[in-house]
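Subject: Structure handover and notes

Hello,

Here is the structure you were expecting, with my notes below it. Please look through it before reading on.

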Amino acid sequence: MDSFEYTSVHQYLDCVLKNNPNASHHQIKEAKQAYWKLYYSHYRRQKRKKRKEYTLGFYNEQLNKIDKKRGKLTVSKFLYHTIERELVSETQPENMIEETAEIHLELMHLIAMVEEFLDETESDEITSILEELEKFEISFSQLLKS
């Protein structure tokens with residue numbers, strides 16, 4: 001992390017007000033505000049280098065659902081907890097289950113096509129391909145059940 005130019009607000013005040021040893025209360029207050037503005041700008045810039053930030057937008061319906069589920073948590077804390085729970089979870093996301101089910105249907109359709117072709121043409125190679133596809137389909141079915 002790049003170090004901040006000043007080690008404290010007092011060092012900043014010494015540097016800024018060195019030509020004005022009898023600064024008014026108002027001048028000191030403005031200098032302190034300028035210091036904290038500089039400090040927090042530096043802090044946020046350094047934090048963004050280490051931590052990616054995202055901006056999310058929600059529709060009113062989604063916000064209502066979030067509001068109902070969050071309880072006493074702030075919206076940010078609720079979203080952090082929800083994302084963390086999803087990342088630690090061993091279950092597949094819902095959209096992944098749907099995609100897997102579609103692939104399973106395509107696999108079953110492919111097996112049916114190979115069976116039809118096998119009915120028309122006897123071949124040991126096609127029979128072995130069909131057996132391999134059926135083994136794959138069985139493992140796919142087990143994956144969907146878990």
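Helices here are DSSP runs of H or I with at least four residues, and strands are runs of E with at least two, numbered from the N terminus. This is a predicted model, in which local features need pLDDT of at least 70 and side-chain atom pairs count only at pLDDT 80 or more, while totals for chains, interfaces and linings use all residues. Residues are numbered from 1 along each chain as its sequence is written, and side-chain values use heavy atoms, with hydrogens and water left out.

Charged surface

Asp119 lies in helix H5. Asp119 counts as exposed because its relative accessible area is 68%; the classes are buried under 20%, exposed over 50% and partly exposed in between, with a 1.4 Å probe and protein chains only. Asp119 belongs to a negative surface patch, together with Glu115, Glu116, Glu120, Glu122, Asp124, Glu125, Glu131 and Glu134. Helix H5 (94-120) and helix H6 (124-145) each supply at least two residues of the negative patch.

Patches are made of residues with over 30% relative accessible area and no salt bridge; like charges are joined within 9 Å, and nonpolar side chains (Val, Leu, Ile, Met, Phe, Trp, Tyr) within 5 Å. Asp and Glu count as negative and Lys and Arg as positive, with His and the chain ends not counted. A charge is placed at NZ of Lys, CZ of Arg, CG of Asp or CD of Glu. Accessible areas come from the Shrake-Rupley method with a 1.4 Å probe, and for residues only the protein chains shown count as cover.

Salt bridges

There are three salt bridges in the structure, each defined as a side-chain nitrogen of Lys or Arg within 4 Å of a carboxyl oxygen of Asp or Glu.

- Lys65 pairs with Glu61, with 3.9 Å between the closest N and O atoms. Both lie in helix H3 (residues 60-70), four residues apart, about one turn of the helix, and both are exposed.
- Arg70 pairs with Asp67 at 2.8 Å, N to O. These two are also in helix H3, three residues apart, about one turn of the helix. Arg70 is partly exposed at 23% relative accessibility, and Asp67 is partly exposed at 44%.
- Lys135 pairs with Glu132 at 3.6 Å, N to O. About one helical turn separates Lys135 and Glu132, because they are three residues apart in helix H6. Lys135 is exposed at 53%, whereas Glu132 is partly exposed at 48%.

Nonpolar residues

The largest nonpolar core has nine residues: Phe4, Tyr6, Val9, Tyr12, Leu13, Leu17, Ala23, Ala31 and Tyr35. Helix H1 (9-16) and helix H2 (25-50) each supply at least two residues of this core, and H1 gives the most, with three. A core here is a set of buried Ala, Val, Leu, Ile, Met, Phe, Trp, Tyr and Cys residues joined through side-chain atoms within 4.5 Å.

On the surface, Tyr54, Leu56, Phe58 and Leu63 form a nonpolar patch with about 440 Å² of accessible area together. Leu56 lies in the loop between H2 and H3 and is exposed, with a relative accessible area of 55%.

Ile103 is in helix H5 and counts as partly exposed because its relative accessibility is 49%. Ile103 and Phe140 are 37 residues apart in sequence and 9.1 Å apart in space, C-alpha to C-alpha.

Regards
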